[in-house]
Structures are given as C-alpha cells and as structure tokens.
Amino acid sequence: MKTLAAVSAFVGKTFAVWVILFAVLGFFFPDTFKQIAPWIVTLLSIIMFGMGLTLSVDDFREVVKRPFDVTIGVLGQFLIMPLLAVLLTRIIPMPPEVAAGVILVGCCPGGTSSNVMTYLSKGDVALSVACTSVTTLAAPLVTPFLVWLFASQFLPVDGWAMFLSIVKVVLVPLALGAALQKLLPGVVKAAVPALPLVSVIGIVLIVSAVVGGSKAAIAQSGLMIFAVVVLHNGLGYLIGYLAAKATGLSLAKRKAIAIEVGMQNSGLGAALATAYFSPLAAVPSAIFSVWHNISGAMLANWFSGRVEADSADKAA
C-alpha cells in the first residue's frame, strides 16, 4: 500500500506532465483513444466519487464560519468565468461549436486541482475547498441555466437534460462517496492516498478521448482555441484576484479566490459537451484541462513567494 501511495503522490505532483503526454498521444493515435469516448461519463463519475470520499463536515463549516469569503469565491466562479467566455466569443471569431464549448467550460464549477494549487501557493486552502464544494453542489442548477442563457444562441441547449446529467455524474457519486466515508471510515482512510492516481488516470483518459475524437478540428483550429483558453484562464486568475482584493480579503484569501476562479472542472465540461453538443465543442474543455494545470502550477509558484506586507515586516 505504501508503494501505491508513493506512486499516487508522484503522479499527482506531475499531473500536468501526464495530461500533456496523453493529449499528444490522443492526437497522434486518435483511433486508439477515441474508443474511450463512450466511457467519459463513467470516468468523471469515478473522479467525483473519489472527491466524495474526501469531503468532510469541516469543508462546509467554513461556509458558516466565513460566509462572506465563500460568497465572493462562488460568485466569482459563476459570474467572472461565464461572462469572460461570452466576451471572448464576441471578440474572437470562432465556429458555433467552439463558442458553445468555451461558454460551457466557463459555466462549470471549480476543479479539485485548485485546492492543490492553493496549497502550493501558500493560500487559504480551507477557503478553496469550501468554494469548490459549494460550486460543485450548486452546479446541477447553475451550470445548465448559465449554458442555456449564454450558449443557446450558438447551439440548442437542453437545460433539463443537462441538469439530470450533472445530478447523475456529479451529485450521486459525491453522495455515495460521502456515505461510504461514514459507513467504512477505516477502509476509506486507507484508500485515500491512492485517490490522486485514480483522478489523474480519469482526467488523462478523458482528455485523450476528446483530443482523439477531434483531431481534424484541433489541427485546423487548435491554435485559436488554445489562445482563447489561455486568455480565459489567465483573465480568470487576474479578475478573481482583483475582485477578492476589492472586497478587502487578505493575501492568502486572494490567492485562493484567484486560483478557484481561474481553474474549472473541465472534465465535466468535456463530458457535457460530448453528450449535448459535439466532439468539437469538447475541445476547449480538453485544452483547458491541459493548460490550467500548467498555468496553475506556475501561478502557485509565483504566489508562494509573496506575503503580506505586515508579515514581511514581522519576519524582518
């Protein structure tokens, strides 16, 4: 078990490398990896089940203890990223499927990778986990509504079907994971060290399946989509940070909010795009999965060297 935990920890720390590797493999061996596409929803459910195994009451106590901080993070997630996505689709010419995919990933809840990046940045991890938990639980209602509101001009949006899908893919596995944690705490505690390995395998397979199924579209429009994703992600970090600063939050909290806003549950975006739009619409989510882990690690590294002015003075 110690060996498995060590392998899992290593794979978790090198997450970005594995995502890039399998994205490249999906591009060059599309016939192999696009066969995984029918399993995307199942893979995402497994990832969400793993998240449920790690949820605790303490994660939600933060909501009660610090409602203002969590509200800023949740509103930032569900306002900044969707509106940035709409703005980018207006400024940069792109096919309707790509525009719908950009908006879809912008309307997704926060990703669990944000919690790791917040930890590495020396930010407020408890706040990050609370925001991720709340946005994930709110996603069945908020995400379909926002996608219907902003993306229906590009492609037909079945909000009710999307709501049911998110309940099935996100809430049910989360609830099962949380229930198992209560019923068999000893077994779950022993299994938790292996969860990063399971999550990484799930995400890289989803990315490789989407890339493999959209090779032609990526070859034609990949650079444009990559540019949009980089802008979307980078502006999310920046505006999230500025919004937290404008509301008077401390530096540790600003780091958490910036990373929480900029990083998305792009696996969910890929699954929903594949199910309700087209393989091309899933490409922004796939590229987002690759890029936000790279940019998040770089931002966390830069953030980690920054401290509050009064803390620096005390240290001196």
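Select R66 and D124 to begin: both residues are buried, that is, under 20% relative accessible area with a 1.4 Å probe and protein chains only, whereas over 50% is exposed and in between is partly exposed. Their side chains meet in a salt bridge of 2.5 Å, N to O; the term requires a side-chain nitrogen of Lys or Arg within 4 Å of a carboxyl oxygen of Asp or Glu. R66 lies in the loop between α5 (57-65) and α6 (67-91) and D124 in the loop between α8 and α9, so the pair ties together parts that are 58 residues apart in sequence. Helices are DSSP runs (H or I, at least four residues), numbered from the N terminus.

This is a predicted model, in which local features need pLDDT of at least 70 and side-chain atom pairs pLDDT 80 or more, while totals for chains, interfaces and linings use all residues. Residues are numbered from 1 along each chain as its sequence is written, and side-chain values use heavy atoms, without hydrogens and water.

D69 pairs with R66, the closest N and O atoms being 3.9 Å apart, and D69 is buried at 7% relative accessible area.

Then select K122, in the loop between α8 (113-120) and α9 (125-151). K122 is not a glycine, yet has a positive phi of about 65 degrees. Most residues other than glycine have a negative phi. K122 is exposed, with a relative accessible area of 58%.

Finally, select D31 and K34, which form a salt bridge with closest N and O atoms 3.4 Å apart. K34 is partly exposed at 40% relative accessible area.

Methods. Helix = DSSP H or I, 4+ residues; strand = E, 2+ residues; numbered from the N terminus.
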